[in-house]
Amino acid sequence: MITAAALVVTAYLLGSISSAIIVCRLMGLPDPRTQGSNNPGATNVLRIGGKKAAAITLFGDSLKGLIPMLAAHLLGVGPAVLAMTGLAAFIGHLFPVFFGFRGGKGVATALGVQFGLGAAVFGFWVPVGLPVALIWLFVAKVLKFSSLAALISMPLAPLIVWLMGLPPVLIGMQLVMTGLLIWRHRSNIEKLLTGREGRLTGQPGPGDED
């Protein structure tokens with residue numbers, strides 16, 4: 001129980017570290033919460049700081065999901081604790097305690113969590129994040145909408161987890177993450193429906209609509 005609690009709390013605190021805000025401060029850029037879309041994520045950093053800053057932000061947000069999952073694997077916890085750990089990191093990104101609970105939309109951190117999950121497929125260990133990322137990249141490349149790529153690829157994650165034969169509790173984790181992610185994208189959905197959503201101009205990768 002102590003190990004489980006420590007993992008979940010640490011995952012949330014790690015998720016609460018805003019890569020966008022820290023990168024902007026270190027690079028002398030404006031606070032992303034006060035510029036552009038006012039959202040502390042990689043796309044807004046791309047707008048105000050360019051591709052390098054956005055790429056670092058994206059990488060940092062992904063690590064916030066991946067590192068807790070790897071730690072959980074190394075500690076040999078069960079599927080339920082693994083699910084709680086991943087969800088805690090994701091929620092930390094959405095509602096960061098260190099930054100007034102104003103976080104991003106969660107795609108990059110969710111992808112990091114998904115890369116920390118996997119199963120043996122045809123004798124090889126395949127992370128859930130790999131097919132999700134490939135779907136994201138394909139949709140983004142064809143349709144040029146990062147938000148739409150996220151809204152198509154991320155809801156497929158629970159199905160991918162199920163197809164890989166992972167425990168039901170991990171499917172449940174993915175369902176909760178998908179529901180929260182869609183809710184956080186409600187403004188993007190409205191813009192897509194009304195034709196006001198901006199297209200990708202430079203693709204730093206999955207999660208750049210955050």
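In this predicted model, helix α5 (residues 79-94) packs on helix α6 (residues 107-115) with the axes 9 Å apart and an angle of about 165° between them. That angle is over 145°, the cut-off for the label, so α5 comes out roughly antiparallel to α6. As for handedness, the crossing of α5 and α6 is right-handed. On the α5 side, the residues involved are Gly86, Ala89, Phe90 and His93, and they meet Thr109, Ala110 and Val113 of α6.

α6 brings Val107, Ala110, Val113 and Gln114 to the contact, while α10 supplies Met173, Gln174, Met177 and Leu181. The tally for α6 with α10 is six nonpolar residues, two polar and, again, no charged ones. Ala110 and Val113 of α6 turn up in the contact with α5 and also in the one with α10.

Then there is helix α2 (residues 19-26), whose buried residues are Ser19, Ala20, Ile21, Val23 and Cys24. What do the buried residues of α2 pack against? They sit against two helices, α3 (42-49) and α4 (51-74). After α2 comes glycine 28, with a positive phi near 70°.

Terms used. Residues numbered from 1 in each chain as written. Predicted model: local features only at pLDDT ≥ 70, side-chain atom pairs only at ≥ 80, totals over all residues. Heavy atoms only, no water. Axes fitted to C-alpha atoms, helices over the stretch in contact; angles between N-to-C directions. Helix = DSSP H or I, 4+ residues; strand = E, 2+ residues; numbered from the N terminus. Parallel < 35°, antiparallel > 145°, perpendicular 65-115°, else oblique. Left-handed = near helix turned anticlockwise from the far one by under 90°. Contact = heavy atoms within 4.5 Å. Buried < 20%, exposed > 50% of the residue type's maximum accessible area, 1.4 Å probe, protein only. Nonpolar A, V, L, I, M, F, W, Y, C, P; charged D, E, K, R; others polar.
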